[in-house]
Amino acid sequence: MDYKKSAGKTLQRISIALDSFTENSASPGLLGGYTGAALFYAYYYQLTKKRKHLSKVHHLLEQAVHDLAGTALPYNYCNGIAGIVWGIQHLVKAGFAGDEGLEDIFEDVDAILGEEMISTLQQGGHDFLHQGLGIALYFLERTQYPLAVKWLEAAVDALQDTAIETLEGITWQDHLTGLTDRPANETSFNLGLAHGVPAILSILGMIHNKGIAVVQTAALLRKGLNWLLDCKNPPDKTAISLYPALVDIQHTALTGHQSRLGWCYGDLGIATLMLNAANWLSDNTYKTYALDIFHHTLQHRNAQNGSVHDACLCHGSAGIAHIYRRAWLQTNDPALLNGATHWLQHTLQINTHQDAPAGFCFYGKGAYENSYGMLEGIAGIGLSLIAAIDPDTDPAWDRCILLC
């Protein structure tokens, strides 16, 4: 398959479908709404040099500013204020838009989001997508401002205060995931990049990499990585996954030893964290761990045993392809590029749903549905395809899902 030609045609279909979505969508969210579509248009403009796509970016940013001022929105990162202003700030910093008239907006939300972040983290609300942790990612886009640094330092303090010390290191309790048929008072720990300990460690590593609270973050990061490594499934278990999705304080898997192949949960998120940690801490031990995990997934995981039912970034084939591609960019390991190409080709073969945007559907709750957003829909699939056929452009948008 000439995947570049096929990807180019698919991107045209995605762009047309997003034109209709953004004209009618009332949701400004980053990961599910039109702010995520603005990221697609920005990087599609970079690929095609067609100014109509850049004009779409500017239109959507104006709409987002309008909705921030006049709409009651949640504070969270996934589809709330934190994600929207992250998207605006990213597009400005990347040169896709000017910042004229925007700084007042950022200053207004800084104090609101900072207070919300610290209050929520202190209460144990560590979820990246839906609670306090994701707000820190917005401040990481604004470290040129002293107030953002202050809030990030406060976030590190809050994460240190809420950490649980164990013999293996430190961890953070999951207060969001609901478990059926388990004791109500059971303490659980989430191993997913979307909601759990890997996201906390990723944020700490990114703060460390910015030169903020470096001694404190290095200590927390190493202790947290030690704990996470000890959560690996015992070798006598038959699970194909190396890591489960949820464990208790004794590292016993609470929902089985198997986990899916994807961004949100499973081995790929943990491998990505380990690879980034090697760079943050200048310690290639973590790179070795990362490559061992990546190579295991390449050898043993497929669409069937990885629960890959669609193409979305969250837990679909385009997300898997992009994770391997990002890892290849950091390591030049040809096996990772082969893996990225395999899953890219898989993505281009499953856009066969009739009456779906660009032929893609999202699989959730046992059924397929149309989805246009970045995390679960065609905007994210499009960004993955752009990264695959535009090797000259750093896919810096993937900071929004903790990949770099």
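Modeller: Helices (H or I, at least four residues) and strands (E, at least two) are DSSP runs, numbered from the N terminus. This is a predicted model: local features need pLDDT of at least 70, side-chain atom pairs count only at pLDDT 80 or more, and totals for chains, interfaces and linings use all residues. Residues are numbered from 1 along each chain as its sequence is written, and side-chain values use heavy atoms, with hydrogens and water left out.

Colleague: Thanks! Where does His315 lie, and is His315 buried or exposed?

Modeller: Look in the loop between H11 and helix H12 (317-331). Buried means under 20% relative accessible area, exposed over 50%, and partly exposed in between (1.4 Å probe, protein chains only). His315 has a relative accessible area of 9%, so His315 is buried.

Colleague: Which residues is His315 in contact with, leaving aside its neighbours within four places in sequence?

Modeller: Contact means heavy atoms within 4.5 Å. With those neighbours left aside, the partners of His315 are Arg260, Leu261, Gly262, Trp263, Cys264, Ser307, Val308, Asp310, Phe362 and Tyr363.

Colleague: Ala311 is in the loop between H11 and H12 too. What is the relative accessibility of Ala311, and how far is Ala311 from Ala111 in space?

Modeller: Ala311 counts as buried because its relative accessibility is 2%. Beyond four places in sequence, Ala311 is in contact with Gly316, Ser317, Ala318, Gly319, Thr347, Ile350, Phe360 and Ile381. Ala111 lies 200 residues away in sequence, and the distance from C-alpha to C-alpha is 37 Å.

Colleague: And Ala303: is Ala303 buried or exposed, and how far apart are the C-alpha atoms of Ala303 and Ile401?

Modeller: Ala303 is also found in the loop between H11 and H12, and its relative accessibility of 13% is why Ala303 counts as buried. Not counting residues up to four places away in sequence, Ala303 touches Val308, Trp343 and His346. Ile401 is 98 residues from Ala303 along the chain, and their C-alpha atoms are separated by 22 Å.

Colleague: Let us step into the helix. What is the relative accessibility of His296, and which residues does His296 contact?

Modeller: His296 has its place in helix H11 (residues 284-300). Its relative accessibility is 17%, so His296 counts as buried. Leaving aside neighbours within four places in sequence, His296 is in contact with Ile240, Leu242, Asp267 and Arg301.

Colleague: How many residues has the largest nonpolar core, and which helix gives the most to this core?

Modeller: A nonpolar core is a set of buried Ala, Val, Leu, Ile, Met, Phe, Trp, Tyr and Cys residues joined through side-chain atoms within 4.5 Å. The largest one has 145 residues, and Phe40, Trp263 and Phe294 have the most contacts inside it. With 10 residues, the helix that gives the most to this core is H2.

Colleague: At what angle do the axes of H2 and H4 cross, and what does that make H2 relative to H4?

Modeller: Axes are lines fitted to C-alpha atoms, for helices over the stretch in contact, and angles run from 0 to 180 degrees between N-to-C directions. The axes of helix H2 (residues 34-48) and helix H4 (residues 81-93) come within 9 Å and cross at roughly 20 degrees. Angles under 35 degrees count as roughly parallel, over 145 as roughly antiparallel, 65 to 115 as roughly perpendicular and the rest as oblique. Relative to H4, that crossing therefore makes H2 roughly parallel.

Colleague: Which residues in H4 do the H2 residues meet?

Modeller: On the H2 side are Thr35, Ala38, Leu39, Ala42 and Tyr43. In H4 they meet Ile84, Trp86, Gly87, His90 and Leu91.
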